[in-house]
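Dear colleague,

I am passing on a structure that is new to you, and I would be glad if you could look it over. Below it you will find my notes on what was found.

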Amino acid sequence: MEHLPKLSDKVISAIQKDISRGKYKPGTKIPAEPELMEQYGVGRSTIREAIKTLANSGILRVQQGAGTFVNNDIQPESLDQRLRRADFEEINQVRRMLDTEIVKLAAEHHTAAQLAAIEKQLQLRKAAIMANDNQACTDADIAFHTAIARATQNEVLADLYQRFTVVIRDFFSKRDKNGVGHFAISHHLHEQLYKAIKAKKPKAALQVMQEIIDNNY
């Protein structure tokens with residue numbers, strides 16, 4: 001059976017999108033559990049799991065007796081960021097073309113050594129998030145996806161992706177001026193992607209990669 005994203009993962013993405021769109025502003029309180037349950041169509045345990053993950057990632061702050069708040073240090077979208085959205089979408093379109101084909105081929109053709117290389121970068125990515133090291137997150141994330149590209153056994157595709165990482169690195173530098181939040185919130189998806197590739201499930205790998213790209217900024 002193919003892996004499907006957990007309900008809490010979907011709620012995490014939905015809450016983060018609502019924050020980025022300004023529905024929940026920095027420093028303000030988000031609705032109580034019953035309202036969130038109704039709004040996102042899930043149970044109490046799913047809401048609690050999503051809030052816990054977002055709090056651990058620094059997106060939300062749970063204050064006992066007062067409620068759950070969006071952290072103050074999450075900056076609202078600036079005009080400059082809004083103008084860059086078009087550029088970001090163009091980059092995401094190219095990533096969608098490259099990465100979706102790459103993860104399918106990697107799931108089908110990877111070797112044990114290549115799988116180990118992917119896992120190593122996944123571990124480095126998690127360590128960088130825990131250390132709140134933005135540069136290390138960028139390096140590990142790019143190395144993770146590059147290792148997947150190498151596992152396709154298609155040298156032309158892998159080389160093309162390697163060249164495109166220059167653009168991706170610049171994208172990350174513009175996107176992540178305020179810490180490792182984007183990397184943290186998507187780490188569970190990167191773990192799912194690794195598992196799908198390891199299990200040789202190209203369709204599942206494709207579904208996870210599409211979700212990563214959909215929540216890339």
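The buried residues of helix α1 are S8, D9, V11, I12, S13, I15, Q16, D18 and I19. Please keep in mind while reading that this is a predicted model. Helix α1 itself covers residues 7-20, which makes 14 residues, and from its first C-alpha to its last it reaches 20 Å, close to the 20 Å expected at 1.5 Å a residue. Just after α1 comes G22, which takes a positive phi of about 90°.

The other part of my notes concerns the aromatic rings, of which the structure holds two pairs. In one of them F171 and F172 come together in a tilted arrangement, with 5.6 Å from centre to centre and 55° between the planes; both F171 and F172 are buried. In the pair formed by F172 and F183, the ring centres are 5.1 Å apart and the planes stand at 70°, and because an angle over 60 degrees counts as edge-to-face, this pair is edge-to-face.

Since F172 lies in helix α7 (residues 155-175) and F183 in helix α8 (residues 181-185), the pair ties together parts that are eleven residues apart in sequence. F172 has a relative accessible area of 2% and is therefore buried, and F183, at 1% relative accessibility, counts as buried as well. Taken together, the ring pairs link F171, F172 and F183 into a cluster.

Notes
Residues are numbered from 1 along each chain as its sequence is written. This is a predicted model: local features need pLDDT of at least 70, side-chain atom pairs count only at pLDDT 80 or more; totals for chains, interfaces and linings use all residues. Side-chain values use heavy atoms; hydrogens and water are left out. Helices (H or I, at least four residues) and strands (E, at least two) are DSSP runs, numbered from the N terminus. The expected span of a helix is 1.5 Å times one less than its number of residues. Buried means under 20% relative accessible area, exposed over 50%, partly exposed in between (1.4 Å probe, protein chains only). Rings of Phe, Tyr and Trp (its six-membered ring) pair if their centres lie within 6.5 Å; planes under 30 degrees apart count as stacked, over 60 as edge-to-face and the rest as tilted.
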